[in-house]
Every structure is written in C-alpha cells, then in structure tokens.
Amino acid sequence: MKPLLGNLYLLGMLVPGELGYDRSVAQQRQEAVDKIVSPWRILETYSYNRYHPMGEIYQWMSETREKYTEVVTHFLGMAYENRPVYYLKILQNYKYNSRVRSLLKNLDFYVLPVLNIDGYIYTWTTDRLWRNSRSSHNNGMCFGTDLNRNFDASWCSIGASHNCQGPMSEPETKVVSSFIESEKENTACFLTMHSYGQLILVPYGYTKNKSSNHEQLIQVGQKAANALKAKHGTNYRVGSSADILYATSGSSDWAWDIGIPSSYAFELRDNGTYGFVLPESQIQATCEETMEAVLSVLDDVYEKYWYSNSAGKVTSTAVLLSLLKSFIFLL
C-alpha cells in the first residue's frame, strides 16, 4: 500500500465521466458554491495578504485545480447549511519546493482550507467573533457547536458547554471523522490549526496523564517551534493543553486515540494583543513561519517511517499524514 500524508480537512469534487458521478447532485453542489462566489479575477491576482470571504476561497480552490495538475480537489461532504466541503490533495508531480517534493515521494498531502464553512460565512455577515457551526438545536433556541470539541475524545467531560448534543453530532465532524477513520491504518500525522496563543499542543488536552509517546511528541514539537522561531523570531511554547493552556479535549486527542501517533494542534499568532482579529499585515509572516514548523514535523515523520536509523535506507512502512487542518482548523 502506498504511504500517504494527509490533512484533516478534506474535500472532493466529482468530474463528469468519473465512476459514481451524479449530475443532479453535482449541479446542486455547484449552485451552492455559485451563490457565494464573488466576481473574481485570475489566480495570479489572488492576494495572500488579506482575509477572503468563502466565495473567493471556493474560487481559489477551483482556479488552483485548473492551473496546477499536481493539485486535485475531492468532495468530502456537506455542511449543515448545504454547502459543499472540499479538500485538496497534492500529488507526486509537484515540482516547486524541493523539500516538499522530496516528502511527496512517499507521502500524499491532504489539505482542508475551511471546515466550519457555515460559521466562517457567519463571521463575515453577522458576528465577527462567532466560533461555532450553525446547526440549530432545541427548536431553534440554540445555534452551533464548537466543531473541534465535537470529536469523540473524552467528549463533554471538560472544556465544553453544558448543552452538549453528542459526539460527532455535526455533519462537518461526521464527514471528517469518517474519512480519517477509513484511512487511519495509513495515517502517521494529524495537524490542526487554530488561533490564538502561539502554542504547539500535544495529546492529551483533557487530562494531566501523558500519551505513551509523549516525550517524542514534545521533542518533535520543540524542534518545530525552533524552526518556526528561526524564520521571524516568534516564540511558541510546546506541551499539552492541560499543562500549558487549559484542560479541554479536541480533534488532535481523537486522532491520537484512533491510532495516529503524531497528532498536534497549533495555536497560531498572537499572544493576545490582537487575539482573534490578527491584522492582515501579519498573515504572510504567520504562514511562512508556520510552514517551517509543519515541514519540520513532516521531516521527522518521514525519517521515522522511511529511513532506518542504522542503514539510512527507505523502509516500506505505510503512512498518511493528516494536517487537520490540513485535517486543519482555521477558526
């Protein structure tokens, strides 16, 4: 079986002629996208230094797929308000960054740009600091669930609201967890991106008890934090949420529980000066330094599974990395 590398938020797009293609279903998905796609220019004019509404992100994914043969999109499922969720898969014919190209020899990258699509749109239209999904509960008296805390890892025991609906109750977490479960035997790494706090968090978040590979996770995480700092001087702390933040469970705990040995949650910039409203002027630096940390983690995963410490040769261990996020949370 071919080793894989993945990101936790995955999406898919059916193409006419493919096995299982349903024109009526595909048309409904496209209509849902069209409703929120703004008139937009060519890919070369897309700005990576500002925040984009969901329509422009959808269009960016489509334009990227059309221009770059090494990137394909896949349909993952539908959000609560019937918007399609897609993920990107980066193929082995990627030819730009030599470091990434080397990793792709044995790894497949899966990237989910946005999981909480309904909630993200709501932050543009109604409430800038909304964090939950937009599902309706209690006859319309309660809206939304924190998707990161909807995974089945010590669910609703700590760090969650009291009106819990049930683990994996939301359509978004259902499709993500189903995909990851189906690939868990081939998955070696799961990364999820959040803000804010400048932290690299390891399992477990809901207890002071340590995972069986805690020391290794800390070592790899600290190496990643050092790589991140070397780019722009930003300091990140490494540890479990229970130790350095607060006790709570999340998707990275769940990923570790189902057998994905390298599971991390990143809390990106900053330390509270701007909090959840980080200025656009910091987007590029945040992306650049975070990429260094991600690649550092992947280097360690690659070395662990494909190279013998004694002989330095490639092994046949099967791996899939999930960047949750990449599966990743941006909200």
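Before the details, residues are numbered from 1 along each chain as its sequence is written, and side-chain values use heavy atoms, with hydrogens and water left out. Since the model is predicted, local features need pLDDT of at least 70 and side-chain atom pairs count only at pLDDT 80 or more, whereas totals for chains, interfaces and linings use all residues.

Let me start with helix α2, residues 54-67, where helices are DSSP runs of H or I with at least four residues, strands are runs of E with at least two, and both are numbered from the N terminus. Its 14 residues reach 20 Å from the first C-alpha to the last, close to the 20 Å expected at 1.5 Å a residue, that expectation being 1.5 Å times one less than the number of residues. Among the buried residues of α2 are Glu56, Tyr58 and Trp60, where buried means under 20% relative accessible area, exposed over 50% and partly exposed in between, with a 1.4 Å probe and protein chains only.

Glu56, buried at 8%, forms a salt bridge with Arg50, the closest N and O atoms being 3.0 Å apart; the term requires a side-chain nitrogen of Lys or Arg within 4 Å of a carboxyl oxygen of Asp or Glu. Arg50 itself is partly exposed, at 30%.

The structure holds 15 salt bridges, and another one joins Lys89 and Asp108 at 3.9 Å, N to O. Lys89 lies in strand β2 and Asp108 in the loop between α3 and β3, so the pair ties together parts that are 19 residues apart in sequence. Lys89 is buried at 18%, and Asp108 is buried at 4%.
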